[in-house]
Amino acid sequence: MAVTADRPAAAKARFWDKIARKYAADPIADMAGYEATLARTRALLAPTHRVLEIGCGTGTTALHLAPSCGHLVATDVSPEMIAIAREKLAAGPQPNLEFQVADADAPVFGQACYDVVLAFNVLHLVADLDAALTSALGALAPGGLFISKTPCLADMNPLLSKVLLPAMRLLGKAPPVLCFRAPDLQAALTRHGLEILAVEHHGTKGKDRRPFIVARRRGPADR
Ligand SMILES: C[S@@+](CC[C@H](N)C(=O)[O-])C[C@H]1O[C@@H](n2cnc3c(N)ncnc32)[C@H](O)[C@@H]1O
């Protein structure tokens, strides 16, 4: 398993390995919002697309999206999450879908070999946003799409990031998180050579602080 400069992947995986079975059993909190995201993402995929997903969890989204693309490699730092994803895949095989353990902070995804990179509910969990974007976007072919939906914790009630999450971390009930605002995330994507095509909100419950972003990797034709 890949090791990054900050913490070994195994250390990052520990929290997620522990909660993986419960995570798999919990219902999706906003099903209508989730379905809107799936539908929007499907509409951006084509049968020829090679797709990479980072932080795929137990593979639910990948299992839904694989029929809409050519090949999907769905990855997660947690071996236990990936074990559950593989169990689901074994129960309903899809030949164009594979699950792999990989740390999104590490440069492990290859160069320019995917048409689409997906990052749902994970960019606030990586150790280093710039390192993760360098790795994920390096894997994107010029002109390819980066599609993300990310909780922007600094846009939420400050009690969450300043009190609740630190307390939960002390109790081992929350992982380390990055707190950024939606404009910070968009600025980071732009800095990494992406053109932002759309920023949407699919949540149907309360204020939605998880922007769905579609961005395109600029290529030589853009210069
Ligand atoms: C909140 S879950 C989201 C899972 C799925 N994408 C979804 O939307 O349901 C976050 C996932 O990110 C994974 N994760 C956390 N840090 C990661 C890292 N550095 N590299 C890859 N995956 C990571 C966790 O193991 C977990 O499965």
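**View 1. The side-chain contact between Thr58 and Lys88.** In this predicted model, the side chains of Thr58 and Lys88 are joined by a polar contact of 3.0 Å. Thr58 belongs to the loop that runs between β1 (50-54) and α3 (60-65), and with a relative accessibility of 4% this residue counts as buried.

**View 2. The salt bridge between Asp105 and Lys12.** The closest N and O atoms of Asp105 and Lys12 are 2.7 Å apart, and the two residues form a salt bridge. Asp105 is placed in the loop between β3 (97-101) and β4 (114-120) and Lys12 in helix α1 (residues 9-25), so the pair ties together parts of the chain that are 93 residues apart in sequence. Asp105 counts as buried because its relative accessibility is 8%, under the 20% cut-off, and Lys12, at 9% relative accessibility, counts as buried too.

**View 3. The salt bridge between Arg40 and Glu200.** Arg40 forms a salt bridge with Glu200, and here the closest N and O atoms lie 2.7 Å apart. This pair links distant parts of the chain, with Arg40 in helix α2 (residues 31-44) and Glu200 in strand β6 (residues 194-200), 160 residues apart. Arg40 is partly exposed, having a relative accessible area of 27%, whereas Glu200 is buried, with a value of 19%.

View 4. A salt bridge is formed by Arg216 and Asp222, whose closest N and O atoms are 3.3 Å apart. Arg216 counts as partly exposed at 23% relative accessibility, and Asp222 likewise counts as partly exposed, at 36%.

**View 5. A patch of positive charge on the surface.** Arg7, Arg14, Lys18, Arg169 and Lys173 gather on the surface in a patch of positive charge. One of these residues, Lys173, lies in the loop that connects α6 (158-170) and α7 (182-191), and Lys173 is classed as exposed because its relative accessible area of 58% is over the 50% cut-off.

View 6. Most residues other than glycine have a negative phi. Ala112, however, has a phi near 50 degrees, a positive value in a residue other than glycine. Ala112 is found in the loop between β3 and β4, where Ala112 counts as partly exposed at 34% relative accessibility. Asn121, also a residue other than glycine, has a positive phi near 60 degrees. The loop between β4 and α5 (129-138) holds Asn121, which is partly exposed, with a relative accessible area of 29%.

**View 7. Pro142 and Leu194.** Pro142 is located in strand β5 (residues 140-149) and is partly exposed, with a relative accessible area of 44%. Although Pro142 and Leu194 are 52 residues apart along the chain, a distance of 9.7 Å separates their C-alpha atoms.

Note on methods:
Residues numbered from 1 in each chain as written. Predicted model: local features only at pLDDT ≥ 70, side-chain atom pairs only at ≥ 80, totals over all residues. Heavy atoms only, no water. Patch = residues over 30% accessible without salt bridge, like charges linked within 9 Å, V, L, I, M, F, W, Y side chains within 5 Å. Areas by Shrake-Rupley, 256 points an atom, 1.4 Å probe, with all protein chains shown as cover. Salt bridge = Lys/Arg side-chain N within 4 Å of Asp/Glu carboxyl O. Lys, Arg positive; Asp, Glu negative; His and termini not counted. Charge placed at Lys NZ, Arg CZ, Asp CG, Glu CD. Helix = DSSP H or I, 4+ residues; strand = E, 2+ residues; numbered from the N terminus. Buried < 20%, exposed > 50% of the residue type's maximum accessible area, 1.4 Å probe, protein only. Polar contact = N/O pair within 3.5 Å; in protein donor to acceptor, adjacent residues only side chain to side chain.
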